[in-house]
Amino acid sequence: MNRKRDLRALIVVFVVMVAGMLLGLVRPAAALLPGDVLAMRQVQLMDLSADGRWLLYGISTWDAGAAEWRTETFRRDLETGQDLLLFTPEENSIGPLWRPGGWEIAYRRHDDEGWSVWLMDGDGANRRQVSAGSDRFGALKWSPAGTAVAWIMTDQVGGYEGEPGLRVVADA
């Protein structure tokens with residue numbers, strides 16, 4: 001270990017840095033504006049199948065005309081890297097959740113009637129509604145054995161969304 005050599009190296013590095021700053025060799029980074037954040041895509045991890053092979057994820061982009069985020073939901077096969085589009089933004093479907101040990105996905109869907117709970121196969125086929133009607137639904141949760149899916153419907157008290165109300169379980 002040579003202290004004189006180390007000190008000389010530090011002085012050289014310091015002089016080069018100061019000279020670079022004074023001569024404008026280092027450009028300041030461009031400022032990030034709020035509109036830049038909206039122009040970025042956002043990726044959300046939604047769920048991973050129990051066997052670790054299938055990933056559900058979404059890619060959201062900002063739609064300035066509608067002033068809202070629009071999300072496409074995909075299923076990725078982690079063994080092959082192949083993606084399958086499950087939901088377009090027009091389908092208004094959110095919160096997909098893999099059935100434990102199974103090939104079905106539970107999700108919430110919004111239409112003119114309101115929110116409803118649906119099931120579909122892992123390839124997007126065989127879509128069917130399992131909720132009796134439309135309402136405000138909390139997050140979905142599968143039973144540990146994957147035999148039922150549950151959610152909470154909230155009570156409406158005037159304009160205030162009160163404490164969680166009716167708990168609903170649907171056989172899957």
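The following legends describe close-up views of a predicted model.

**View 1. Four strands pair side by side in an open sheet.** The strands of this sheet follow the order β5-β6-β7-β8, and their pairing is antiparallel. The edge strands are β5, covering residues 93–98, and β8, since each of them pairs on one side only. Strand β7, which spans residues 114–121, has six of its eight residues buried, so this strand is largely enclosed by the rest of the structure. As a general point for reading a view of this kind, the side chains of a regular strand alternate between the two faces of the sheet.

**View 2. Strands β6 and β7 form a hairpin.** Strand β6, made of residues 104–111, runs antiparallel to β7, and eight bridges join the two strands. Between the two strands of this hairpin there are two residues. Two of the facing positions can be picked out by name: Tyr107 stands opposite Trp118 in β7, while Glu104 has Asp121 of β7 as its bridge partner.

**View 3. Strands β7 and β8 form a hairpin with six residues between them.** Strand β8 consists of residues 128–129, and it is joined to β7 by two bridges, with the two strands running antiparallel. In this pairing, Leu119 stands opposite Arg128 in β8. Within the turn, Gly124 has a positive phi of about 90°.

**View 4. Glu104 forms salt bridges with Arg99 and with Arg128.** In general, side chains of opposite charge can pair when their charged atoms come close. The side chains of Glu104 and Arg99 meet at 2.1 Å, taken from N to O, and the closest N and O atoms of Arg128 and Glu104 are 1.9 Å apart. This second pair links distant parts of the chain, because Arg128 belongs to strand β8 and Glu104 to strand β6, with 24 residues separating them. Glu104 is buried because its relative accessible area is 10%, under the 20% limit used for that word. Arg99 also counts as buried, at 17% relative accessibility, whereas Arg128, at 26%, counts as partly exposed.

**View 5. Glu68 and Arg70 take part in a network of salt bridges.** The members of this network are Asp63, Glu68, Arg70 and Glu90, and the structure as a whole holds nine salt bridges. In one of the links, the side chains of Glu68 and Arg70 meet with a distance of 3.9 Å from N to O. Glu68 has a relative accessibility of 36% and therefore counts as partly exposed, and Arg70, with a relative accessible area of 23%, is partly exposed too.

**View 6. Asp47 is buried and has no salt bridge.** This residue is found in strand β1, which is formed by residues 42–48. The nearest side chain of opposite charge belongs to Lys141 and is 8.5 Å away from Asp47, whereas a salt bridge would need a side-chain nitrogen of Lys or Arg within 4 Å of a carboxyl oxygen. A polar atom of the Asp47 side chain does, however, lie 2.6 Å from the backbone nitrogen of Trp98. Leaving aside residues up to four places away in sequence, Asp47 touches Trp54, Leu55 and Leu56, together with Pro96, Leu97 and Trp98.

Definitions and conventions:
Residues numbered from 1 in each chain as written. Predicted model: local features only at pLDDT ≥ 70, side-chain atom pairs only at ≥ 80, totals over all residues. Heavy atoms only, no water. Buried < 20%, exposed > 50% of the residue type's maximum accessible area, 1.4 Å probe, protein only. Lys, Arg positive; Asp, Glu negative; His and termini not counted. Polar contact = N/O pair within 3.5 Å; in protein donor to acceptor, adjacent residues only side chain to side chain. Contact = heavy atoms within 4.5 Å. Pairing = 2+ DSSP bridges.
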